[in-house]
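User: I would like to learn how to read the features of a model like this one. Please give the general idea each time, then the case at hand.

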Amino acid sequence: MLEPDLVPDGSVDGITASPSAPGVDQPTGEGPQSRRRVQRTINFDRSVLERARAAATYLASYEPQAGVRSLADIVNPAVLAYVTELEELYNAGEPFRPVLKMPSGRPAKR
């Protein structure tokens, strides 16, 4: 099992609850990380993950022109495309307010 990253103050760089007031245009949490890439744990539907892993493995080995060398090369553009779509639909095309820490687990029922 991988150990969580520690931030300079020694706390765990994880995803925890940090509610904010609506309309406040400030990031939540403590501060952005300086690293370009971060490791996070997320859950995938098994079939989606298996297909993505198979595609990444095949493309990295046999189709270098595809530019896919890892699973991240599939996941990052897909997530970016969907987030861009959500920003267009729900936030007038603007990026959502940064959230440095988000609630873990399932959201509360409304």
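Analyst: Start with burial: a residue is buried under 20% relative accessible area, exposed over 50%, and partly exposed in between (1.4 Å probe, protein chains only). Isoleucine 42 counts as exposed because its relative accessibility is 52%. The model is predicted, so local features need pLDDT of at least 70 and side-chain atom pairs count only at pLDDT 80 or more, while totals for chains, interfaces and linings use all residues. Residues are numbered from 1 along each chain as its sequence is written, and side-chain values use heavy atoms, with hydrogens and water left out.

User: How is the confidence of the chain to be read?

Analyst: pLDDT is the predictor's confidence in each residue, from 0 to 100. The protein chain has a mean pLDDT of 78, and 69% of its residues reach 70 or more. Over residues 1-22 pLDDT stays under 50, and the model has 31 contacts beyond four places in sequence for them; a contact means heavy atoms within 4.5 Å. Where pLDDT is low, the predicted coordinates should not be read in detail.

User: How many helices and strands does the protein chain have?

Analyst: Helices (H or I, at least four residues) and strands (E, at least two) are DSSP runs, numbered from the N terminus. The protein chain has 2 helices and 0 strands. Of its 110 residues, 8% are buried. Among contacts between residues at least 6 apart in sequence, 54% join residues at least 24 apart.

User: Which residues form a nonpolar patch on the surface?

Analyst: A patch is made of residues with over 30% relative accessible area and no salt bridge; like charges are joined within 9 Å, nonpolar side chains (Val, Leu, Ile, Met, Phe, Trp, Tyr) within 5 Å. A salt bridge is a side-chain nitrogen of Lys or Arg within 4 Å of a carboxyl oxygen of Asp or Glu. Here Ile42, Phe44 and Val48 form the nonpolar patch, with about 270 Å² of accessible area together. Areas come from the Shrake-Rupley method with a 1.4 Å probe; for residues, only the protein chains shown count as cover. Isoleucine 42 lies in the segment before helix 1 (46-62).

User: What does leucine 71 touch?

Analyst: Leaving out residues up to four places away in sequence, leucine 71 touches Leu49, Ala52, Arg53 and Ala56. Leucine 71 is in the loop between helix 1 and helix 2 (72-90) and counts as partly exposed because its relative accessibility is 28%. Its C-alpha atom is 6.1 Å from that of arginine 53, 18 residues apart along the chain. Arginine 69 is also in the loop between helix 1 and helix 2, and at 73% relative accessibility it counts as exposed.

User: Is glutamate 87 buried or exposed?

Analyst: Glutamate 87, in helix 2, counts as buried because its relative accessibility is 14%. For charge, Lys and Arg count as positive and Asp and Glu as negative; His and the chain ends are not counted. Glutamate 87 has no salt bridge, and the nearest side chain of opposite charge, arginine 97, is 12 Å away. Beyond four places in sequence, glutamate 87 touches Ala92, Gly93, Glu94, Pro95 and Phe96.

User: What is the phi of alanine 92?

Analyst: Alanine 92 has a positive phi of about 55°, although it is not a glycine. Alanine 92 is in the segment after helix 2 and is exposed, with a relative accessible area of 72%.
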